[in-house]
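Dear colleague,

Please find below the structure that I am handing over to you, with its sequence. My notes on what was found in it follow directly after.

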Amino acid sequence: VIPHDPDAEAEGRPQPGPTATWNLACLCRSHHRLKTHSAWRYEMVAPGVFEWTSPHGHGYRRDHTGTSSIDPTITKSGAPPDPPVIPRPRRR
């Protein structure tokens, strides 16, 4: 959840993102690549509850019930926006 800092040891700082059970999230390969290689970000707000932020600043909550928008944004029809379809990274 807290990213590993590869420069911490060389700069004499403690590692902010150690590999430990309290600092792990169960992400599938697609979501791991999304958070690592794109502008999408997430934060664990409770055990098993994650709030993702899109590159455009839209927020989504992901938990055991699924994904829901946490933005108060309303579409032209007056309905809340659909949850995001998170693209899967292309295979090389």
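Glu43 stands opposite Glu51 in strand 2. Strand 1 and strand 2 run antiparallel and are joined by five bridges; strands here are DSSP runs of type E with at least two residues, numbered from the N terminus, and two strands pair if DSSP finds at least two bridges between them. The two strands form a hairpin with two residues between them, and Gly48 in the turn has a positive phi of about 80°.

Please note that this is a predicted model, in which local features need pLDDT of at least 70 and side-chain atom pairs count only at pLDDT 80 or more, while totals for chains, interfaces and linings use all residues. Residues are numbered from 1 along each chain as its sequence is written, and side-chain values use heavy atoms, with hydrogens and water left out.

Ser54 has its place in the loop between strand 2 and strand 3. Is Ser54 buried or exposed? Ser54 counts as buried, because its relative accessibility is 8% (buried means under 20% relative accessible area, exposed over 50%, and partly exposed in between, with a 1.4 Å probe and protein chains only). Leaving aside residues up to four places away in sequence, Ser54 touches Trp40 and Tyr60, where contact means heavy atoms within 4.5 Å.

Salt bridges

How many salt bridges does a search of the whole structure find? The search finds three, a salt bridge being a side-chain nitrogen of Lys or Arg within 4 Å of a carboxyl oxygen of Asp or Glu.

One of them joins Glu51 to Arg61, with the closest N and O atoms 2.6 Å apart. Glu51 lies in strand 2 and Arg61 in strand 3, so this pair ties together parts that are 10 residues apart in sequence. Glu51 is partly exposed at 21% relative accessibility, and Arg61 is partly exposed at 29%.

Asp5, Glu11 and Arg13 are linked in a network of salt bridges. Between Arg13 and Asp5 the closest N and O atoms are 2.8 Å apart, and between Arg13 and Glu11 the N to O distance is 2.7 Å. Asp5 is buried, with a relative accessible area of 17%; Arg13 is partly exposed at 35%, and Glu11 is exposed at 51%.

Cysteines

A search of the whole structure finds zero disulfides, a disulfide being a pair of cysteine sulfur atoms within 2.5 Å. The sulfur of Cys28 is 8.6 Å from the closest cysteine sulfur, in Cys26, which is too far for a bond. Cys26 counts as exposed at 77% relative accessibility, whereas Cys28 is partly exposed at 40%.

Yours sincerely

Conventions:
Helices (H or I, at least four residues) and strands (E, at least two) are DSSP runs, numbered from the N terminus.
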